[in-house]
Protein chains: 2
Amino acid sequence: MADAEYRLYYWPDIQGRGEFVRLVLEDAGAPYVDVARLPDEEGGGVPALMACLERDEVGAPNLAPPILQQGDFYISQTAAICAYLGERHGLAPDGDARWQALHLQLSIADFVVETHDTHHPIAGSLYYEEQKAEAQRRTSVFREERLPRFLGYCERVLSLNGAADGRWLVGADCSYADLSLFQVMTGVEYAFPNALAVLRDGYPHLFALCDRVRKRPNIAAYLASERRIAFNELGIFRHYPELDTTAVD
Amino acid sequence: MADAEYRLYYWPDIQGRGEFVRLVLEDAGAPYVDVARLPDEEGGGVPALMACLERDEVGAPNLAPPILQQGDFYISQTAAICAYLGERHGLAPDGDARWQALHLQLSIADFVVETHDTHHPIAGSLYYEEQKAEAQRRTSVFREERLPRFLGYCERVLSLNGAADGRWLVGADCSYADLSLFQVMTGVEYAFPNALAVLRDGYPHLFALCDRVRKRPNIAAYLASERRIAFNELGIFRHYPELDTTAVD
């Protein structure tokens, strides 16, 4: 696999959904080009991303980024890309457990949508400022119901799979689902530090897992590099202080 | 596979996400038990579904229904179940195209969430009546932007893959993604007949595909049977006339 070259097409200024793919590529040590982060004049930038979306070869065109290219093979949808890469690079369990890694990944993906929709409950095409009232209402439910439910589920999965003995979400080894769980938790911690601070003690396996991912050598090197884009208020995980109040409802 | 017996755990009174799984099982002619539709005293009903969610064997517990059981193997997440069944029963392409079937399925799944959230933009735990104003606003964006975008994508996929020559979403044969596309289109037609009537002529390959799925012998038999639950206002696809107005905005 060392000579495999991947091309990732994703928005150049945010972690977004592309980050889940980057983490698998980085942990695997797989060479890749983050196409839209190259200058336009070197065939990069948003024009390259747009051209990829508009490909019209026979096959399965892609609805939205991220898109992974390997030769003439293109795949989109974050969970599908992560599973594809995970299976190729030793970051997925064998046998039927690979389906369980996928169902865990899809539960994480659902939660990513829910987290995004806290600040965009009406439309992605409108600004946050155009849906602040609805965002406040949706975020209240997110903080009180949805976030604890998701954390509780992850904690239960880790406990049942033996995380206390060094195991991971599924099976004995780290998989792409673990990397994605780290990413979503890191994002939620950025967006909702107050909400998460209150909950932290209740989910020891989950937070320990995030620490274990963070310390994996390739992940640690990546997080310290310039390749890691900082969180910002253009991405999935946005810190709007008014949505992270700890006021009693 | 003829002797394989599956057990599907899903809410007994709605099509919901379980319906995507049922369509794969039905098209494949795979024997299955729709567990929660059995009487409680025969080990069915919602108590059986709850017990399945609360399993605490080592492994990967499931966050939400639908859940498919085959022996001691359990898998959840609609797209993962459909892919699993599709690959076992000749309803998925071979080789790398199987990843493209998955990315198509996940794009369909995203659209299912968007369709659901038209009537529940704030919280699944609140009644529609508690979020009607927000639903009106979200649905307006859905009808004007999101629905045409999704239909346009599907039409483009079908056109590029040669639907005019009898091919399907991906590859030469019908896959689980085609069955799911039929289901979501049927649901949108139930929920938003006015919105869809206006759009219909623009997407000939898409509507032709739905007709082809509907006429597959096992699907036609299923749709005519009592196993097919009628659409209703408890499921993903709900017909609220006030959300399907054709008034000029």
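Biologist: What stands opposite Gln69(A) in β4(A)?
Modeller: Tyr74(A) stands opposite Gln69(A). Strands here are DSSP runs of E with at least two residues, helices are runs of H or I with at least four, and both are numbered from the N terminus. This is a predicted model: local features need pLDDT of at least 70, side-chain atom pairs count only at pLDDT 80 or more, and totals for chains, interfaces and linings use all residues. Residues are numbered from 1 along each chain as its sequence is written, while chains are lettered from A and ligands numbered from 1 in the order in which they are written.

Biologist: How many bridges join β3 to β4(A)?
Modeller: Four, and the two strands of chain A run antiparallel. Two strands pair if DSSP finds at least two bridges between them.

Biologist: And what is the strand order of the sheet in chain A?
Modeller: The order is β2-β1-β3-β4, an open sheet with mixed pairing. β2 (32-34) and β4 (73-76) of chain A are the edge strands, each pairing on one side only.

Biologist: Which helix packs on that sheet?
Modeller: Helix α1 (residues 18-28) of chain A, which touches β1 (6-9), β2 and β3 of chain A. Touching is by contact, with C-beta atoms placed from the backbone and lying within 7 Å. The direction of α1 makes about 160 degrees with that of β1(A). Axes are lines fitted to C-alpha atoms, for helices over the stretch in contact, and angles run from 0 to 180 degrees between N-to-C directions.

Biologist: Where is the cis peptide bond in chain A?
Modeller: From Pro65(A) to Pro66(A), with omega near 0 degrees. Pro66(A) lies in the loop between α2 (45-53) and β3 of chain A.

Biologist: Next, Gln77(A): buried or exposed?
Modeller: Gln77(A) is buried because it has 28 C-beta neighbours inside 10 Å; the cut-off for buried is 20 or more other C-beta atoms within 10 Å, with C-beta atoms placed from the backbone. Its phi is near 75 degrees, a positive value in a residue other than glycine.

Biologist: Now the two chains. What rotation superposes chain B on chain A?
Modeller: A rotation of 180 degrees with 0.0 Å of shift along its axis, at RMSD 0.0 Å. The two copies are thus related as by a two-fold rotation axis.

Biologist: Which C-alpha of chain B is nearest the axis?
Modeller: That of Pro121(B), 3.0 Å from the axis.

Terms used:
Two residues are in contact if their C-beta atoms, placed from the backbone, lie within 7 Å. Copies are superposed by least squares on the C-alpha atoms of residues with pLDDT of at least 70 in both. A residue is buried if 20 or more other C-beta atoms lie within 10 Å of its own, exposed if 12 or fewer, and partly exposed in between; C-beta atoms are placed from the backbone.
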